[in-house]
Amino acid sequence: MAHERFQTVEGQINWNDPMYKLYEKAKRNGGWNPADIDFSQDREDFLQLREEERIASLPLISSFSAGEEAVTLDILPMLHAMARQGRLEDTMFLTTFLHDEAKHTEMFSRWQQAVGVGDLDLSAYHNDSYKRIFYEALPEAMERLYTDDSPEEVIRAATVYNMIVEGVLAESGYYSFRQIYKKSGLFPGILQGIDYLNMDEGRHIQFGIYTIQRLVVGNEERFKLFHDYMDELWMHAYGVVEYLVGLAVLQREQSNFESQIVFEPDIMRQYAVKQFHIRKSKIDRARKYKNLTELEAAADS
Ligand SMILES: [Fe+2]
Ligand SMILES: [Fe+2]
């Protein structure tokens, strides 16, 4: 495809574009380096845990690792689609997005290496729901953009990637991890890393929200497409949460000692449900506007 024009030659970057603002935020806040995080206390903590407790920490780690690796590998078609559509500010932001995900993948792998489980195969902790989302739905929806970057397919891709994987599963995962290990006073290194990750994910989810909003605004069919796809994916997303929470409950019940690790299963389930509804309601806010011009005017201001 030949270029017909260049935005920064005919004019300039749209400095007020929401995506450009996210790009600026990413440059400002996203400069942390996973290699700078000190995991030595995490290693000590891990080694002093009972074996059952060490094992109990692995399902969530295994979900994070695969999740971050998947989103690192699968974001490219979105970047490609935005570039091909001439969306310069989106493309610029997505370069930081891809770099963020690479660092997230690095962070978890470094932690696993530091505590001594780097070579363990943890894939047994991915249940069918997890596989449905991370092994199938995510790459399928993203890769489709290479051949079809219509509004409908961009909505589907951003729904599974930004709303379900990031907005529901990653957010709930970080929350649970914090709940468990902050209260238990363990793993300060990875907790610091998760604070950084959380900030990055906020920008990523913002990208998804705005992308979906601008495509559904003023179009009832596309609103329905978004909600239907969210509902379809929810069963699997909740299946991941329920499996991880259930596993933790089972491990606790089967242990015959008072664990130093405390957690409340219902709070985690409720948190995931809440995230799901928040994502939907964020998109529904676009109903306030009649069309894209109105939405853009509001985002610009
Ligand atoms: Fe991430
Ligand atoms: Fe992300």
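How are α4 and α8 oriented to each other, roughly parallel or roughly antiparallel? In this predicted model, helix α4 (residues 51-74) packs against helix α8 (residues 151-184) at an angle of about 150°, and their axes are 11 Å apart. Angles over 145 degrees count as roughly antiparallel, and α4 and α8 are therefore roughly antiparallel to each other. The crossing in which α4 passes α8 is left-handed.

On the α4 side, the contact is made by Leu-60, Ser-63, Phe-64, Gly-67 and Val-71. On the α8 side, Tyr-161, Val-165, Leu-169, Ala-170, Gly-173, Ser-176 and Phe-177 take part. Sorted by class, this contact of α4 with α8 has 8 nonpolar and 4 polar residues, and no charged ones.

Val-165 belongs to helix α8. Apart from neighbours within four places in sequence, Val-165 is in contact with Gly-67, Val-71, Ile-133, Leu-138, Val-160 and Ala-170. Among these, Gly-67 and Val-71 are α4 residues of the helix contact.

Phe-187 lies in the loop between α8 and α9 (188-216). Most residues other than glycine have a negative phi. Phe-187 has a positive phi, near 55°. From C-alpha to C-alpha, Val-165 and Phe-187 are 24 Å apart in space, with a separation of 22 residues in sequence.

| Residue | Other C-beta atoms within 10 Å | Class |
|---|---|---|
| Val-165 | 25 | buried |
| Phe-187 | 24 | buried |

A residue is buried if 20 or more other C-beta atoms lie within 10 Å of its own. Val-165, with 25 of them, therefore counts as buried, and so does Phe-187, with 24.

Methods:
Residues are numbered from 1 along each chain as its sequence is written. Chains are lettered from A and ligands numbered from 1 in the order in which they are written. This is a predicted model: local features need pLDDT of at least 70, side-chain atom pairs count only at pLDDT 80 or more; totals for chains, interfaces and linings use all residues. Axes are lines fitted to C-alpha atoms, for helices over the stretch in contact, and angles run from 0 to 180 degrees between N-to-C directions. Helices (H or I, at least four residues) and strands (E, at least two) are DSSP runs, numbered from the N terminus. Angles under 35 degrees count as roughly parallel, over 145 as roughly antiparallel, 65 to 115 as roughly perpendicular and the rest as oblique. A crossing is left-handed if the near helix is turned anticlockwise from the far one by less than a right angle, and right-handed if clockwise. Two residues are in contact if their C-beta atoms, placed from the backbone, lie within 7 Å. Ala, Val, Leu, Ile, Met, Phe, Trp, Tyr, Cys and Pro count as nonpolar, Asp, Glu, Lys and Arg as charged, and the others, Gly among them, as polar. A residue is buried if 20 or more other C-beta atoms lie within 10 Å of its own, exposed if 12 or fewer, and partly exposed in between; C-beta atoms are placed from the backbone.
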